[in-house]
Amino acid sequence: MTDAPAPSTPDPASVDRELRELADKQAALGEMRGAPAADPVNAPMIRHWQDALGDANPAYLDQGVAPPAMIQVWTMQGLRQHAAKDRSPVDDTLAALNAHGYTGVVATNCEQTYHRYVRLGERLTPSTRFTSLVGPKRTALGEGYFATWNVTWYGEADEPVAEMMFRILKFRPRTSQGPSSAAPPSETAGSEAAKPQETGRREPYPLRPAVNADTAFFWEGVQQGELRIQRCADCGELRHPPGPVCPACRSTNRTHTVASGHGTVYSYVVHHHPPVPGRETPFVVAVVELPEGVRIVGNIVDCPTDAVSIGMSLRVTYRALDDELVLPMWAPGES
Amino acid sequence: MRTLTEDQVELGSALPELSIDLTPTVVVSTALATMDFTPVHHDVERARAQGSKDIFLNILTTMGLVERYVTDWAGPAAIIRRINVKLGVPAYAGDRLSFTGTIVSRAAGELTVEVRGKVSLGDHATGTITLTLPTAP
């Protein structure tokens with residue numbers, strides 16, 4: 001009697017690696033513009049929405065603005081969803097999760113910030129970036145990955161009017177996996193109860209940024225996909241790298257602004273030697289000039305080293321170096 | 001319509017409860033008003049085929065109802081800055097969605113209200129909504 005070969009099941013660590021690589025690639029695409037809304041912000045849709053939700057607030061139509069929580073409505077694809085679908089940096093990751101059996105989906109978080117109320121007649125444009133894939137984690141529903149993306153809506157003057165963070169759990173439904181130890185139902189992405197499995201953890205990147213009272217805001221911004229620049233809370237002067245005192249007015253009161261994420265190469269070097277832990281040479285280190293008026297040092301990625309030139313346009317991108325550390329880097333972009 | 005001013009609210013005070021009867025009409029009309037044509041929000045058979053008890057409220061509506069709950073209380077002069085919602089159990093047609101809320105912080109002119117929307121299965125949505133109120137005239 002001969003043993004039949006065991007059916008080949010993909011090694012969980014390699015599935016995890018593949019998903020992470022794809023998620024990193026999607027995150028590296030940065031913000032991708034979708035098609036503008038089919039219709040400008042308009043009174044009939046607002047009236048219909050208020051009627052359906054039982055919202056009697058007269059302020060919106062009196063003042064010619066939309067209810068802020070309608071923000072996503074303006075750029076829903078509706079029944080046109082099968083026509084020319086926008087390319088979104090989220091789709092490929094979700095498709096790969098489905099392909100690996102993580103077919104269940106449940107939304108866990110929706111966070112919206114409204115910079116201002118949008119007005120009748122404005123046509124909004126959404127922009128989506130894939131932010132993170134966290135997992136695999138044991139949840140009450142089954143083993144799964146938390147996928148997070150961010151949408152920013154822009155007005156006609158190209159200014160952000162609202163932002164949304166959206167997180168879903170893609171899980172492997174129980175039946176296809178057998179019993180697994182259930183976590184409490186209250187579990188979400190941030191919960192301590194969600195213990196990552198041992199498999200698939202990435203090697204910690206050996207170099208860490210120095211995070212201190214002066215720089216913490218910058219790294220917190222990076223975690224949220226924001227490039228934050230320190231600003232003097234008194235005279236308004238921007239400064240980078242961050243420091244305790246304003247070089248213009250010597251005030252110690254500080255705040256920050258969020259940069260647009262555009263930049264140009266001010267200067268750069270191609271690093272060949274010596275070796276740097278955790279990095280493959282050659283790589284590019286650039287001084288990037290931001291339109292906001294400060295310069296910032298960072299790597300240029302997604303570009304052959306000999307294609308980098310002074311003055312070239314860049315777009316910020318956020319790269320996960322391990323399970324915790326994300327660094328802002330720069331990729332070629334249109335100006 | 002009544003509108004609250006900053007001086008009229010106290011940290012820790014509770015908002016009046018709002019309870020909404022989730023008829024199929026509510027679930028379907030809100031899904032369509034939010035341009036969400038996913039079958040699970042209007043087609044009972046499709047919803048059941050994928051393991052749901054019935055059609056259920058879509059997320060855009062949940063966000064809208066959280067906003068409505070707070071503006072019903074605060075009045076038309078309130079400006080909503082931020083809504084952060086953690087989503088829980090589905091809100092099925094035939095159930096009731098009851099909102100409760102408490103003022104949990106008051107800083108730099110911004111008020112934060114903690115909101116909880118419960119259905120018979122448990123918490124459908126919990127979170128915070130941040131707003132500003134006009135100052136007293």
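Let me start with a question: which residue is the bridge partner of N109(A) in β2(B)? It is K86(B). Keep that pair in view while I set the ground rules.

This is a predicted model, where local features need pLDDT of at least 70, side-chain atom pairs count only at pLDDT 80 or more, and totals for chains, interfaces and linings use all residues. Residues are numbered from 1 along each chain as its sequence is written, while chains are lettered from A and ligands numbered from 1 in the order in which they are written.

A word on elements. Helices (H or I, at least four residues) and strands (E, at least two) are DSSP runs, numbered from the N terminus. Strands pair if DSSP finds at least two bridges between them.

Back to the opening pair.

Now the two chains, one at a time. Chain A has 335 residues, and 32% of them are buried. Buried means 20 or more other C-beta atoms within 10 Å of the residue's own; exposed means 12 or fewer; partly exposed is in between; C-beta atoms are placed from the backbone. Chain A comes to 5 helices and 13 strands.

Chain B has 137 residues, with 40% buried. Its count is 3 helices and 5 strands. Along the sequence the pattern reads β-α-α-α-β-β-β-β.

Next, contacts. Two residues are in contact if their C-beta atoms, placed from the backbone, lie within 7 Å. Take chain A contacts with a separation of 6 or more: 65% come from residues 24 or more positions apart. For chain B, among contacts between residues at least 6 apart in sequence, 66% join residues at least 24 apart.

Helix α2 of chain A, residues 43-53, packs against α1(B) at about 155 degrees, with the axes 9 Å apart. Axes here are lines fitted to C-alpha atoms, for helices over the stretch in contact, and angles run from 0 to 180 degrees between N-to-C directions. That makes α2(A) roughly antiparallel to α1(B). Who makes the contact? From α2(A), H48(A), W49(A), A52(A) and L53(A); from α1(B), S29(B), T30(B) and A33(B). That set divides into 4 nonpolar, 3 polar and no charged.

Compare a helix pair inside chain A. Helix α1 (residues 12-28) and helix α4 (residues 91-99) of chain A have axes that come within 9 Å and cross at roughly 170 degrees. So α1(A) and α4(A) are roughly antiparallel to each other. L19(A), L22(A), A23(A) and Q26(A) of α1(A) meet D92(A), T93(A), A96(A) and L97(A) of α4(A). Here the classes are 5 nonpolar, 2 polar and 1 charged.

Now sheets in chain A. One open sheet has 3 strands in the order β7-β6-β8, paired antiparallel. Its edges are β7 (238-239) and β8 (254-258), each with a single partner strand, so one side of each is left without a neighbour in the sheet. Strand β6 (residues 228-232) runs antiparallel to β7(A), joined by 2 bridges. R231(A) stands opposite L238(A) there.

Then a hairpin: β12(A) and β13(A), with 5 residues between them. Strand β12 (residues 313-320) and strand β13 (residues 326-332) of chain A pair antiparallel over 7 bridges. A320(A) has V326(A) as its bridge partner.

Last stop, V106(A), in strand β2 of chain A. Buried or partly exposed? V106(A) has 15 C-beta neighbours inside 10 Å, so V106(A) counts as partly exposed. Leaving out residues up to four places away in sequence, V106(A) touches L141(A), I168(A) and L169(A). K170(A) is 64 residues from V106(A) in sequence, yet 6.7 Å away in space, C-alpha to C-alpha.

Definitions and conventions: Parallel < 35°, antiparallel > 145°, perpendicular 65-115°, else oblique. Nonpolar A, V, L, I, M, F, W, Y, C, P; charged D, E, K, R; others polar.
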